[in-house]
Amino acid sequence: MFGRGKSDAEKAAAARLRNITVAAARAGVTVIRDRFHQAGQQSIPVDGSRVTIELGEIARKRITATRVALIGIFAIWAKKDETKLYITIENPDGVLLYPVSAGKEPHARVFATLVNGEATGVTKPE
């Protein structure tokens with residue numbers, strides 16, 4: 001009656017964002033409206049983002065460009081907690097790194113799959 005109804009594409013996009021928001025909350029990631037948020041960091045949009053997941057054991061063995069971008073040269077001495085899971089969200093607008101409990105791995109996989117649009121594995125020790 002008032003305004004126009006949403007198109008099927010708009011409804012699908014809204015449903016996708018709702019699913020991502022719920023999965024993100026379960027994985028320990030904050031989504032407000034259509035952006036990923038982390039305290040003290042610039043928020044980045046959900047659209048166009050890519051999620052990667054690493055267990056702390058693997059992440060500790062290398063210094064990522066993400067870590068250098070986030071904490072500068074001090075990344076060389078920063079240690080990663082091996083009981084953690086690291087969710088990295090990359091977007092042309094920025095990068096966010098979320099350390100979460102390794103127990104949230106199943107939720108993190110679902111979250112990454114929803115954002116990436118494909119099944120995402122977790123990098124595990126060899």
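Start your tour by selecting Gly 48: setting aside neighbours within four places in sequence, Gly 48 is in contact with Glu 90, Asn 91 and Pro 92. Keep in mind as you look around that this is a predicted model.

Now show Pro 92 together with Gly 48. The two are 44 residues apart in sequence, yet from C-alpha to C-alpha they are 7.7 Å apart in space. Is Gly 48 buried or exposed? Its relative accessible area is 61%, and exposed means over 50%, so Gly 48 counts as exposed.

Next, select Phe 36 and Phe 111 and show their side chains. These residues form an aromatic pair with an edge-to-face arrangement: 5.8 Å from centre to centre, with 90 degrees between the planes. The count of aromatic pairs in this model comes to 1. Colour the elements around the pair: Phe 36 belongs to strand β2 (residues 35–37) and Phe 111 to helix α4 (residues 105–116), so the pair ties together parts that are 75 residues apart in sequence.

Phe 36 has 0% relative accessibility and counts as buried. Phe 111, also at 0% relative accessibility, is buried too.

For a last stop, colour the chain by pLDDT. The mean for the protein chain is 79, and 70% of its residues reach 70 or more. Then select residues 122–126, where the pLDDT is below 50. Beyond near neighbours in sequence, this stretch has 16 contacts in the model.

Terms used
Residues numbered from 1 in each chain as written. Predicted model: local features only at pLDDT ≥ 70, side-chain atom pairs only at ≥ 80, totals over all residues. Heavy atoms only, no water. pLDDT = per-residue confidence, 0-100. Contact = heavy atoms within 4.5 Å. Buried < 20%, exposed > 50% of the residue type's maximum accessible area, 1.4 Å probe, protein only. Phe/Tyr/Trp six-rings, centres within 6.5 Å; stacked < 30°, edge-to-face > 60°. Helix = DSSP H or I, 4+ residues; strand = E, 2+ residues; numbered from the N terminus.
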